[in-house]
Each structure stands twice: as C-alpha cells, then as structure tokens.
Amino acid sequence: MPEPSLDLVSIGRSSVDLYGQQIGGRLEDMASFSKAVGGCPTNIAIGTARLGLKSAVITRVGDEQMGRFIVEQLQREGVDTRGVAVDPRRLTALVILGVRDEKTFPLIFYRTDCADAALDEGDIDEAFVASARAVVVTGTHFALPEAAKAQKKAIAIARRHGRKVVFDVDYRPNLWGLAGHDAGEERYIRSDTVTRHLQAILPDCDLIVGTEEELHVAGGSEDTLAAIRAIRALSAATIVCKRGPMGCVVFPGDIPDRLEDGIKGPGFPVEVYNVLGAGDAFMSGFLRGWLRDEAVETCCAWANACGAFAVSRLLCSPESPTFDELRYFLDHGSPHRALRFDAEINHVHWATTRRPQPDELMALAIDHRAQIEAMADEAGAPRARIAQFKRLAVEAAARVAGARSGFGMLLDGAHGREALFRAGDHGFWVARPLEVPGSRPLALETDAEGSLGAALAEWPVDHVAKVLAFYHPDDPAELKARQEAVLRRAALACRQVGRELLVEIICSKHGPVGDDTMAAVMRRLYAIGIRPDWWKLEGQPTPAAWAAVDAAIAENDPYCRGVVLLGLDAPLPQLEEAFRLAAGARSVKGFAVGRSIFGDAARGWLAGRMDDAAAVAMMAERFGGLVAAWRGARGERA
C-alpha cells in the first residue's frame with residue numbers, strides 16, 4: 001500500500017462568514033462586517049495546514065466571486081484544493097454572525113440549495129481519499145441524503161485502504177430542520193432521528209470528537225457518561241469530550257466510573273470573546289498531535305490551546321494559530337486572559353499568516369508627489385497630467401516584469417489613483433505612502449483628512465502602507481519622540497486593519513552615516529514596539545554596515561520580510577555599486593527605486609519633448625537595467 005501523501009481530507013461545508021464588527025450589538029444593528037472562510041471541515045483543513053499537516057478538503061463552491069475567494073484562500077493557506085468542485089448552478093453558502101455578549105452569538109445560515117449542500121458520491125474520488133492518512137467527516141452533512149452518501153462512500157474507501165476515520169459530531173440543530181432560521185446559534189435539541197443517523201456512523205470511526213451536548217445526541221442520552229458509554233458500545237474509537245474552559249477528557253479504551261478519570265491535558269482559562277469556530281480550532285490541534293502519534297496528553301494540550309486562541313478572537317479560520325504561534329504560547333504563556341491583546345503572540349500570528357510573498361522584490365517607486373509636482377511646474381505642465389504619466393510608469397514596469405513574479409510598484413493615491421488600479425491588473429506588489437512629503441517631524445496625510453484606520457480600511461487588502469521618516473540617531477530627543485509617536489500610530493493602525501507596513505528610513509540627510517547608524521535606528525524602533533513587515537533603506541557604506549542591519553533584524557524580528565534598497569535619485573552606476581555591497585546581506589530582498597528610473601522620462605514627457613511610447617521605453621530600459629544589475633550582483637540571471 002503506497003504511503004499517504006496527505007495527512008487528512010475533510011468533507012462537507014464551506015462558506016463565507018460575515019462577522020459583524022460591532023461587538024455587543026444586535027445582529028439587526030450590524031453596520032460593517034469582516035469576511036472569512038468558514039464551515040467546520042473547511043476550518044479544520046485550514047487549521048491543520050497552519051499547524052504543519054498536509055490537508056485537503058472535499059466540498060463545493062459556487063462559480064462566483066465568493067467561491068473563488070474560498071478557493072484562493074485555501075490555496076494561500078496551503079490546503080490542497082483538488083477536492084473543491086465548482087458548481088455552476090448554485091451559490092456559495094454564506095453565514096452572518098455576531099457577538100452579543102460572552103454567551104450569545106447569533107448567526108444566520110444562508111444555505112438554501114447552496115453549493116456544498118449538493119455534494120454527492122460523484123465528488124468522492126477513491127484515489128484522492130486513499131491518499132490521506134485520515135478522512136474527517138462532519139455531522140451536519142449527514143443531514144442531507146446525497147451528502148450523507150458521499151461521506152459514507154469516503155468512509156468505506158478509508159476503511160478499505162487502511163486509513164483512519166475521524167468524526168466531528170458538529171451538531172447544528174437548525175441544519176437538521178429542528179429549529180428556525182433565527183436559531184442558528186442553538187447547539188442542542190434532543191432528537192432520536194439525529195441519534196439514529198449518527199449512531200450508524202460510529203462503528204466505522206477511529207476518533208470521535210464532540211462537546212458534551214454533541215455526545216449527548218450521538219449517544220442518545222443527556223447524561224454525559226451514559227452517552228459516552230453508549231458510543232463505546234457501538235465503537236472502539238478514541239472518544240474526545242470537549243468541555244470548554246475545562247479543557248477536554250479523552251477515552252481511548254474502557255469508560256471509567258467518573259468523567260474526570262479520563263485522560264486530560266492542561267486547560268487554558270482565557271476570556272471568552274467568541275465561541276464560534278473554537279471547536280474547529282480544537283480539532284485542528286488534536287489532529288496535529290494524533291496524526292503524528294503524539295501522546296494523548298500532548299494532543300489534549302495542543303487542542304485546548306488552539307481552542308483558547310479561537311475563543312479569545314473574533315473570526316473562525318483566520319484566528320487559528322500556526323504551529324510557531326502554538327509553540328510560543330505553550331513555551332511562554334501570556335499575561336493576558338484576552339489573548340488578542342498579547343502583542344507578542346499577535347505578532348507571531350500576523351507574521352505567520354500574512355499573504356505569501358516572493359522572496360525577491362524589484363519595485364519601480366513612483367509614489368513621489370512633491371518632486372514630480374516640481375517637475376510639472378518646471379515644465380509648465382498642468383499637474384493634472386501627472387496621473388497619466390504614472391499610468392505610463394505602470395506600463396513600463398509591466399513590460400519588464402512580463403509574467404514573472406517578484407515585481408512591484410510604489411504608487412500614491414494623490415496622482416496615482418488610476419495607476420493603482422492598473423497595477424492591480426498585473427498582480428504587482430503595491431505599496432502606498434502615508435507620510436506628508438518631506439515632513440520632519442514626520443506627519444501623516446490622514447492627519448488633515450480624518451482617521452488613519454478608516455483610510456487604510458478602504459485600501460485593497462494586499463496594499464502595503466509605507467511611511468518615510470528622516471531619522472538620525474543624533475536627532476534631538478524631542479524630535480525623536482514626535483517621529484516615533486507617529487511611526488507607532490501607523491504601525492498600530494496597520495495591524496488593527498490588517499495591512500502590511502513598510503518603514504523607510506533616511507539617515508544621510510541629517511547627519512553622518514557609519515557602520516552602525518542604520519542598525520541603531522532599527523534597534524531603537526524595535527525597542528518601542530515597531531516591527532515593520534518591510535524596511536526600505538539607503539545603500540550602506542560597507543559590508544559591515546549591512547551585517548549590522550542583518551543582526552538588528554535577526555535579533556528583533558526573525559519574521560521580517562526583509563529590506564529593499566532605495567535610490568535617492570542616484571546615478572545608475574552608483575546604484576549598481578550599492579547593489580554589489582548589499583548582495584551578501586541576508587535581509588536584503590531587492591530594491592524600490594524611483595527617480596533614477598523615471599526622472600528623465602518625466603521631465604521630457606511633461607515638457608512635451610517625449611511621447612508616451614518613448615517615455616515608456618526609457619523607463620522600461622532603466623528599470624530592466626536595474627533588474628539585471630540586481631540579479632547580477634546576486635549571481636542570478638536577469
């Protein structure tokens with residue numbers, strides 16, 4: 001029998017969850033929502049992938065934007081999507097959810113003839129199911145006749161090939177037709193019919209997981225110990241009873257006289273913020289241990305910790321921890337009962353769940369505002385023409401990039417709004433400035449316009465916020481304090497809204513630069529809690545200076561994406577020399593250069609001495625030349 005290539009395949013629901021953001025409000029009064037992938041088996045696939053397992057999901061989504069969102073997010077999470085079928089006739093399921101208080105979590109399932117409800121035996125491929133160590137089936141999909149047949153087929157395949165069968169009871173009474181549309185949060189209604197359905201599944205299971213109420217319905221008794229004994233009479237499976245803040249109790253064999261005499265792991269008392277999705281995170285943690293043959297106590301500890309993360313945060317799948325995050329929590333604990341307020345844990349979570357990014361970044365920076373306005377004024381051209389020129393810059397960057405990854409642009413919203421749209425057409429990495437051009441002390445454009453967080457929330461989720469600070473270690477204390485306060489505010493807003501942050505530091509304009517100058521600035525900013533996803537830095541004077549930059553990042557934030565070199569309107573030969581000096585630095589991932597590429601083209605085009613084609617050709621030639629120089633410095637082919 002071939003060795004499995006996957007750890008697990010989960011089967012059943014997939015949805016788009018829309019979480020009301022007004023905590024404590026009625027669902028009727030929600031005014032804004034956060035969007036996430038949901039559905040028990042899909043959450044488990046994501047949760048286990050984050051913990052290092054090779055997971056897949058079998059489900060259906062609609063042939064529309066929400067269905068594509070689910071598939072794309074699964075792929076970003078590393079989940080195998082070969083089992084996700086696109087249904088051309090049905091819509092992707094939606095769920096609207098809210099948090100009223102620590103015990104009330106209203107939700108509405110929009111599942112009438114939805115895509116995943118149409119799952120049938122034709123969606124179950126024997127080779128695909130057999131390629132996994134375990135198949136995870138879920139209770140709610142046994143409520144639908146065709147979906148039930150599909151799950152039973154998968155169970156039979158797993159048994160035939162010697163694979164494990166995991167059953168998440170996942171009991172939702174209203175999805176069995178036992179409660180109305182407004183009772184989505186109802187977790188238990190006794191039903192002999194449901195019990196008969198579920199008990200037919202139990203003999204083929206190797207692992208059965210449920211809350212006390214879910215085990216009541218599976219066992220047919222409202223006495224937890226009696227329900228577990230009834231399950232044991234039908235199945236030799238390991239039974240896991242989830243008990244909320246008390247953790248869990250596991251019964252691999254005979255059922256003892258007392259519930260408390262089962263195998264337990266440590267519980268993690270945390271503030272309950274939202275229980276929705278906690279069971280899926282719990283299952284993910286348990287499977288990470290169980291499928292790696294860890295001790296049951298370890299499985300419990302990992303499961304309980306993952307559940308603690310989920311109940312302390314708002315969403316479902318986005319809140320599941322990564323294995324790095326889980327290990328950090330188990331090693332260090334947290335001083336916060338509300339884990340969402342733990343800055344260290346939040347940083348690990350953010351850094352290990354943000355969108356994938358190529359390891360190399362070559363960007364054309366044309367987010368300049370004051371400089372290009374001065375060029376237009378000097379040429380006697382109306383500033384309104386700047387927007388058109390920035391669109392030409394996007395065309396030039398696209399000509400160089402072709403279909404290759406690792407290319408980007410820095411663009412602004414003042415003159416580059418249309419260029420931002422066009423950059424999105426090419427899949428470029430995009431960063432946008434927040435600072436008032438040339439400001440020292442640092443000021444943000446939003447200070448005069450309104451809320452920084454509201455402005456960031458309007459950006460596409462993959463746009464990076466850039467803040468440029470003219471900062472030198474020898475600056476007066478008052479100036480440093482003012483600049484640092486603005487940088488901290490920008491960093492906090494980016495994390496709260498979910499946008500990456502690039503911090504650009506220029507030292508050389510305001511003091512001498514030695515081998516430790518830039519590293520000293522970085523260490524200071526790290527010390528006050530600023531951990532950018534990216535740094536944009538001047539070329540350093542020596543390899544020793546770059547070594548100091550590497551050390552500052554390694555010591556303070558090993559998750560940092562890295563450094564890109566800026567140009568400062570330097571001649572191309574000078575930039576090429578800067579590339580060579582930086583080539584050996586571990587943290588340097590590329591460059592983001594502007595006026596050295598577009599300056600002459602902008603002056604000629606704005607003055608009417610150059611047409612569109614010539615401007616694009618000049619910028620493409622210079623950008624392409626820098627790409628070749630960068631890759632040559634790194635010993636790579638352009």
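Colleague: Hi! Does Glu484 count as buried or exposed, and why?

Modeller: Glu484 counts as buried because its relative accessibility is 7%. Buried means under 20% relative accessible area, exposed over 50% and partly exposed in between, with a 1.4 Å probe and protein chains only. This is a predicted model, where local features need pLDDT of at least 70, side-chain atom pairs count only at pLDDT 80 or more, and totals for chains, interfaces and linings use all residues. Residues are numbered from 1 along each chain as its sequence is written, and side-chain values use heavy atoms, leaving out hydrogens and water.

Colleague: Thanks! Where is Glu484, and which residues does Glu484 touch?

Modeller: Glu484 is in helix α16 (residues 477-497); helices (H or I, at least four residues) and strands (E, at least two) are DSSP runs, numbered from the N terminus. Not counting residues up to four places away in sequence, Glu484 touches Tyr471, Arg524, Leu525, Ile528 and Ile530, where contact means heavy atoms within 4.5 Å.

Colleague: New topic: which strands does β2 pair with?

Modeller: β2 runs antiparallel to strand β3 (residues 33-38), joined by six bridges, and pairs in the parallel sense with strand β6 (residues 93-97) over five bridges. Two strands pair if DSSP finds at least two bridges between them. Leu18 has Lys35 in β3 as its bridge partner, while Tyr19 stands opposite Leu97 in β6.

Colleague: And how many disulfides are there?

Modeller: Zero in the whole structure, a disulfide being a pair of cysteine sulfur atoms within 2.5 Å.
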